[in-house]
Amino acid sequence: MKFQIAINLERLDSSLDMQAVADHTLEMVRIADQSGFSIIWSAEHHALEMTIAPNPFQILTWWAPHVSRARLGTAVAVAPYWHPINLAGEAAFTDLITGGRLEFGIGSGAYQREFDRMSPGLKQSEGWKYVQEMLPVLKALWEGDCEHRGEFWSFPISTSVPKPLQKPHPPVWIAARAPVTYDFAVEQGCNIISWPLTRPFSEAELYKQRLDEAVSAHPGCRVPTMAMMRHTSVYETEQDRSRAIRSLQRVLGQFENVFRNIGDVKNGFPAEVPLEELSEREQYDEHYLEQNLVFGSPGQVVEKLKRYEALGIDEFVYYASMGLEHKQQIRSLELFCERVIPEFP
């Protein structure tokens, strides 16, 4: 099993200096690159300080001079927020200036609050339709001149300028949870990133089952690489364990606000929804979180990851951004690199 890492710039409140956040993020990127992570992922989010990523390609070009070994990916570019010609050109240019290191991840988007601002009137649950129209158009634009008349976009003959350095195009990844997305990914020859949120290991098993069913339903198509993302924290003391869990619970309170579109957001900072007010509040119990996520001592984390490896997960995505103080984030990543990765030769 290989390892990838997803890193967001994040501020949970205004006490954190933005320059300090940027410096910390770059330090995490450097550590991940030097320690053998195969891909470093940036996200796309808008008007939210908890995930500062207005343009994932710009973030990757910022990281690129500091990364010598890892590939650089978007996890994910949100299809409903882009025009195909714009997205094709941005991705191709990023591939060009990073020396052919782009991994192109695309998805339908996460938060209704963002949809209300970036694509007013569109329901988040309909975002997958934009992915399915967008991707074939991107491939055509990367190849050469094409004309498109679709449900969401139409344009006369055009092409991607520049063209990607990688031929025929960078590897494509799709964020997938629903069965329809697994089918589409297999049909299109794409890899898959899945995220079971805070749900039990059975959710990971369900996603792997959906992939297996999609592969069986499309004989002759290549079997995608499957990556699975989980919040990850490695610690050695009870104090660090408590800090990690409390930090994640705070982030999840903000996440539930924007995910369900139920609370205030002031100057980019989401109010923290009290987890005890949620009907599914047991999902945020400290023991539930520690059991389901990749939290624990180095030995416990190795044991958990061995289950994912046995399940058939090809690559594990260390989800680093969870509101933890910077020093402990660095230490967690160092422990993962020094004492976990070597157990997966």
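Predicted model: local features only at pLDDT ≥ 70, side-chain atom pairs only at ≥ 80, totals over all residues.
Local features need pLDDT of at least 70, side-chain atom pairs count only at pLDDT 80 or more, and totals for chains, interfaces and linings use all residues. Residues are numbered from 1 along each chain as its sequence is written, and side-chain values use heavy atoms, without hydrogens and water.

View 1. Helices (H or I, at least four residues) and strands (E, at least two) are DSSP runs, numbered from the N terminus. Of the 345 residues, 57% are buried (under 20% relative accessible area, 1.4 Å probe, protein chains only).

**View 2. Helix α11 and its cover.** The 15 residues of α11 should span 21 Å at 1.5 Å a residue, and the end C-alpha atoms are 20 Å apart, which agrees. The expected span is 1.5 Å times one less than the number of residues. Buried residues of α11 include Gln-328, Ile-330, Leu-333 and Phe-336. Among the elements covering them are β1 (2-6), α1 (18-34) and α8 (238-260). Contact means heavy atoms within 4.5 Å.

**View 3. The largest cavity has about 40 Å³ of space.** A cavity is a set of points on a 1 Å grid over the protein atoms alone where a 1.4 Å probe fits but cannot get out; lining residues have an atom within 4 Å of a point. Points join across faces, edges and corners, and volume is the space filled by probe spheres set on them. The lining includes Met-28, Thr-232, Tyr-318 and Gln-329. β10 (226-234) and α11 (326-340) each supply at least two lining residues.

Notes. 1 Å grid on protein atoms, 1.4 Å probe; cavity = no way out; pocket = protein on both sides within 12 Å on 5 of 7 lines; lining within 4 Å. Buried < 20%, exposed > 50% of the residue type's maximum accessible area, 1.4 Å probe, protein only.
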